[in-house]
Amino acid sequence: MVRICILTLLLSLATFVNGQIVDTTDVEMVTFIEEAPFFNGNIKEFIQGELIYPLSAKNDIVEGTVVISFIIDTLGLTINHKVVKGVRDDLNNEALRIAKHIKFKKPAMQKGKPIAVKYTVPIIFDLQHLKKKTKCKRKEY
């Protein structure tokens, strides 16, 4: 019984010692963006224009939508790309490659200052659409 009391006391003391006080006076939670980031053109057309359908997925007749999230930084560059919903590795990697090429002309703005925002974009792999494309990139890997 004494051992349990001592162990409980030590664990609670360890938690107290390792606890940190966070100063939140400089942190501002933004729930509404005054000015959204600006992409020069149509982002869906950009994605479809950059898309190179992986040969392995073509051969296996694999289609689907890969959802990628990233941060648009204060310069309009995209960083921290992650697959939120994947299909399979070859399509996921192609979607990540495309997302890393997306650049915004203007970042999001709040109170006249640029801010970083999270952005999510679906990248659609559709073999029927690929056949209808007039400007189809032939490079395959």
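A salt bridge here is a side-chain nitrogen of Lys or Arg within 4 Å of a carboxyl oxygen of Asp or Glu. Keep that cut-off at hand for several stops of this tour through a predicted model.

**Confidence colouring**

Colour by pLDDT before selecting anything. The mean over the protein is 80, and 70% of the residues reach 70 or more. Then select residues 5-24, where the pLDDT is below 50. Beyond near neighbours in sequence, this stretch makes zero contacts in the model.

**R88 and its partners**

Select R88, D60 and D90, which are linked in a network of salt bridges. R88 pairs with D90, with the closest N and O atoms 2.8 Å apart. R88 also pairs with D60, and here the closest N and O atoms are 3.0 Å apart. This second pair links distant parts of the chain: R88 is in the loop between β2 (78-85) and α4, while D60 is in the loop between α3 (55-59) and β1, 28 residues apart.

R88 has a relative accessible area of 27% and is partly exposed. D60, at 49%, is also classed as partly exposed. D90 is at 15%, and it counts as buried because the limit for that class is under 20%.

**E94 in α4**

Move along to helix α4, residues 89-100, and select E94, which lies in it. Is E94 buried or exposed? Its relative accessible area is 0%, so E94 is buried. Now show R97, whose side chain meets that of E94 in a salt bridge of 2.7 Å, N to O. The two residues are three apart in α4, which means that about one helical turn separates them. An α-helix has 3.6 residues a turn, so residues three or four places apart point the same way. R97 is partly exposed at 25% relative accessibility, whereas E94 is buried at 0%.

Which atom of I52 lies 2.8 Å from a polar atom of the E94 side chain? It is the backbone nitrogen of I52.

**Helix α2**

**The nonpolar core**

In soluble globular proteins, nonpolar side chains tend to be buried together. The largest nonpolar core of this model has 26 residues. Select Y53, I68, F70, I123 and F125, which touch the most other members. Which elements each supply at least two residues of this core? They are α2, β1 (64-72), α4, β5 (117-125) and α5 (127-132). α4 gives the most, with five residues.

Finish on F70 and display its contacts, leaving aside neighbours within four places in sequence. Residues in contact with F70 include T78, I79, N80 and H81. Others among them are A99, I102 and F104. The list also contains V117, K118, Y119 and V121.

Definitions and conventions: Residues are numbered from 1 along each chain as its sequence is written. Side-chain values use heavy atoms; hydrogens and water are left out. A nonpolar core is a set of buried Ala, Val, Leu, Ile, Met, Phe, Trp, Tyr and Cys residues joined through side-chain atoms within 4.5 Å. Buried means under 20% relative accessible area, exposed over 50%, partly exposed in between (1.4 Å probe, protein chains only). Helices (H or I, at least four residues) and strands (E, at least two) are DSSP runs, numbered from the N terminus. Contact means heavy atoms within 4.5 Å. A polar contact is a pair of N or O atoms within 3.5 Å; within protein, one must be able to donate a hydrogen and the other to accept it, and residues adjacent in sequence count only if both atoms are side-chain atoms. pLDDT is the predictor's confidence in each residue, from 0 to 100.
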